[in-house]
Amino acid sequence: MYCKNCGKQIDNENASFCNGCGSELNRINSAEVMPVAGESTVILTKPIKRQFVLLGQELEIDEEMDLFNTCRQQYKIIADEGIRLFQMSYTQCIHEFDSFVGEFSNMYYFYLEPILKKTMDLLVREGIWSITLDELRSTHVNNYHWGTDGYDILIYNADVLLQKRADSKAEKLSFIPSFGGIGFSAILTATALNVVAYTASKQLMKYTVLKPYEKISLYNQLNVPVLISHVYSDYMNVYLTLSLIMKQNGRKIWYPTEVERARNVFANISNPYFPEEERINALISIIKMWPYDENVYNYMTSIYGEREDILQLRNYFCV
């Protein structure tokens, strides 16, 4: 079982509260039918310097970027498997509001956890012993939480309905319930920002009082394919968490720091005032800053045609 708030694994199946953050635990009813991820291992091969020729110019990929690219390729395979199993479980177990609220968070962490454990094993093999699995998990979910953001938004919208109902009663009774001393608006803010854990969620969010059509309306607000793509991004981006930790611990690995700049340069290339003679140099600089934007390769193909050098580079970066 996993905590829906912090992702910590709870060994005591009878526990009512997380021993990490104190949040009340919602037990997933679908655990028995959820398929388990495989036991593949992340293996980093020795990086090498690579030379490419792109549009007539030399492009060197140093060992640090080669190692980063290897990490990304390995985690793409792992994330592909994780999201396949997640999507299978989602289809089997989640069909409406109640099952989503009760099952999604634990399902999310159920398939994230094997990826984090493989990462922890890799860090230990690399001699990085100063971080624990709990710290790794906390670091990752604090930085990459698109999937759980979708859950939080639905919970927020459900709480808005409850608040409106409470406000309506308050107008009739001339007072607003205190909910044990915690203002309801504060609870909504905490839920929306996913910052504050509170242990009285079952008391505060009495979703059983929601009418069937309200639950249908809430669940229909979800764009499930987009939600699943966000979960996939969270799983895939463990490689970014790994790469940053390795770099912070003195390992020679490239890490993207100029992604936004690369996107800005690419956005300006199509400007009619952009100098033609600088276009190839600009494209090379974009690749060096962030080589994983498929739009860049599509643009090069549209301008320069189907070329072996473009395809070779694209295949190397698996874009």
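Where does Cys 318 have its place? I come back to that in point 8, after a walk through the rest of this predicted model.

1. Let me start with the overall picture. The protein chain is built with 13 helices and two strands. Of its 319 residues, 45% are buried. Among the contacts with a separation of 6 or more, 70% are between residues 24 or more positions apart.

2. Helix α1 covers residues 63-93, and its axis comes within 8 Å of that of α8, with a crossing of roughly 140°. The crossing is right-handed. On the α1 side the contact is made by Arg 72, Tyr 75, Lys 76, Ala 79, Asp 80, Gly 82, Ile 83, Phe 86, Gln 87 and Tyr 90, which meet Val 224, Leu 227, Ile 228, Val 231, Tyr 232, Tyr 235 and Met 236 of α8. Sorted by class, this contact of α1 with α8 has 12 nonpolar, two polar and three charged residues.

3. Now for α8 in its own right. It runs over residues 224-236, and its 13 residues reach 18 Å from the first C-alpha to the last, close to the expected 18 Å. Its buried residues are Leu 227, Ile 228, Val 231, Asp 234, Tyr 235 and Met 236. As a reminder, residues three or four places apart point the same way, because an α-helix has 3.6 residues a turn.

4. Next comes the pair α2 and α3. The axes of α2 (residues 97-125) and α3 (residues 133-143) approach within 10 Å and cross at roughly 120°. The two helices are therefore oblique to each other, and α2 passes α3 in a right-handed crossing. From α2, the residues Tyr 109, Leu 112, Glu 113, Leu 116, Lys 117, Thr 119 and Met 120 meet Leu 133, Leu 136, Arg 137, His 140 and Val 141 of α3. The contact of α2 with α3 comprises seven nonpolar, two polar and three charged residues.

5. Helix α3 has a further partner in α9 (residues 238-248), with axes that come within 10 Å and cross at roughly 120°. Here too the helices are oblique to each other, and the crossing of α3 and α9 is right-handed. Leu 136, Thr 139 and His 140 of α3 meet Val 238, Thr 241 and Ile 245 of α9. By class, that makes three nonpolar, three polar and no charged residues. Leu 136 and His 140 take part in this contact and also in the one with α2.

6. Helix α11 (residues 279-289) deserves a look for its buried residues, which are Arg 279, Ala 282, Leu 283, Ile 284, Ile 286, Ile 287 and Met 289. The elements covering them include both β1 (50-54) and β2 (57-61), together with α1, α10 (259-269), α12 (294-304) and α13 (308-317). From α10, Ile 269 touches Arg 279, Ala 282, Leu 283 and Ile 286, and beyond these Phe 274 and Tyr 299, leaving out residues up to four places away in sequence. Ile 269 counts as buried because its relative accessibility is 3%. Between Ile 269 and Ile 280, 11 residues apart in sequence, the C-alpha to C-alpha distance is 9.8 Å.

7. Ile 43 sits in the segment before β1. Is it buried or exposed? With 51% relative accessibility, Ile 43 counts as exposed. Apart from neighbours within four places in sequence, Ile 43 is in contact with Gln 74 and Arg 125. Its C-alpha is 9.0 Å from that of Thr 70, a residue 27 places away in sequence.

8. Finally, two backbone details to check, including the residue I opened with. Most residues other than glycine have a negative phi. Leu 55, in the loop between β1 and β2, has a positive phi of about 55°. Leu 55 counts as buried, at 9% relative accessibility. Cys 318 has its place in the segment after α13, and also has a positive phi of about 55° without being a glycine. At 34% relative accessibility, Cys 318 counts as partly exposed.

How values were computed
Residues numbered from 1 in each chain as written. Predicted model: local features only at pLDDT ≥ 70, side-chain atom pairs only at ≥ 80, totals over all residues. Heavy atoms only, no water. Axes fitted to C-alpha atoms, helices over the stretch in contact; angles between N-to-C directions. Helix = DSSP H or I, 4+ residues; strand = E, 2+ residues; numbered from the N terminus. Parallel < 35°, antiparallel > 145°, perpendicular 65-115°, else oblique. Left-handed = near helix turned anticlockwise from the far one by under 90°. Contact = heavy atoms within 4.5 Å. Nonpolar A, V, L, I, M, F, W, Y, C, P; charged D, E, K, R; others polar. Expected span 1.5 Å × (residues − 1). Buried < 20%, exposed > 50% of the residue type's maximum accessible area, 1.4 Å probe, protein only.
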